[in-house]
Amino acid sequence: MTTTPSDVDVVLPCLNEAEALPWVLERIPPGWRAIVVDNGSTDGSAQVAHALGARVVHEPRRGFGAACHAGLRAATADVVCFCDCDASLDPRLLVPFVREVRDGDADLVLGRRRPQGRGAWPAHARAGNLALARMLRRRTGLRLHDLGPLRAARREPLLALGLTDRRSGYPLQMVVRAADAGWRIAEHDVPYLPRTGASKVTGTWLGTWQAVRDMSRVLGEAPAGTPAVGRGAR
């Protein structure tokens with residue numbers, strides 16, 4: 001598959017990830033564009049990203065969802081991917097995700113994180129994710145195991161979902177609203193590495209609890225009346 005700069009945008013929400021950025025950006029597939037959304041970094045992350053050729057978007061409103069949505073709105077490619085900016089996930093893993101979306105086999109493709117080595121995924125964060133995945137299955141019927149940040153979908157349908165969460169519930173709201181809209185959703189195993197630097201969300205019990213609270217609120221939303229783009233969930 002031939003790619004051009006307009007084919008795929010990769011949104012990278014960023015808060016003090018100067019140390020990890022070189023590793024992440026050098027693994028963006030050729031021809032794809034990296035959009036680093038600086039969410040108030042104080043370690044020079046924006047300058048590092050710019051020097052390495054990424055497009056830098058500044059989002060002053062703190063929150064994972066705020067950064068992700070700012071990147072989505074800034075994107076111009078037909079297909080948009082999301083990836084963490086902490087070197088825990090390799091952006092090259094997105095290549096088959098994009099192919100699946102482009103080939104029409106899925107509307108949203110998610111990565112199921114498989115920890116590689118000790119410290120890759122703290123026990124409390126994994127437990128919180130597992131509980132939410134079970135709640136998601138009850139809410140939507142989807143046989144998903146993870147709510148990880150590695151994902152790919154087409155930009156215009158994503159914008160049409162009308163995502164409103166600007167905190168930790170954003171990834172889950174995307175899945176819930178996509179399911180309500182009848183999207184075909186696929187999940188594939190991906191290796192999950194120990195992150196570079198300290199986690200901003202799930203590195204502590206408090207951060208995990210706040211993320212679970214945000215996501216639980218999303219699960220309580222009434223089904224949205226978004227037009228379908230697919231034929232059902234897988």
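Is aspartate 90 buried or exposed? At 13% relative accessibility, aspartate 90 counts as buried; buried means under 20% relative accessible area, exposed over 50%, partly exposed in between, with a 1.4 Å probe and protein chains only.

A word on the model. It is predicted: local features need pLDDT of at least 70, side-chain atom pairs count only at pLDDT 80 or more, and totals for chains, interfaces and linings use all residues. Numbering runs from 1 along each chain as its sequence is written, and side-chain values use heavy atoms, without hydrogens or water.

Now the overview. The protein has 8 helices and 7 strands. These are DSSP runs, numbered from the N terminus: helices are H or I, at least four residues, and strands are E, at least two. Of 234 residues, 53% count as buried.

On to salt bridges. The whole structure holds 12. The criterion is a side-chain nitrogen of Lys or Arg within 4 Å of a carboxyl oxygen of Asp or Glu.

Back to aspartate 90. Its salt-bridge partner is arginine 27, with the closest N and O atoms 3.9 Å apart. That pair links distant parts of the chain, 63 residues apart. Aspartate 90 sits in the loop between S4 and helix H4 (94-102). Arginine 27 sits in the loop between helix H1 (21-25) and strand S2 (33-38). Arginine 27 is buried, at 15% relative accessibility. Arginine 27 also meets glutamate 26 in a salt bridge, 2.6 Å from N to O. Glutamate 26 is exposed, at 58%.

Next pair. Arginine 114 bridges to aspartate 189 at 3.3 Å between the closest N and O atoms. Strand S5 (residues 108-115) carries arginine 114, and strand S7 (residues 185-192) carries aspartate 189.
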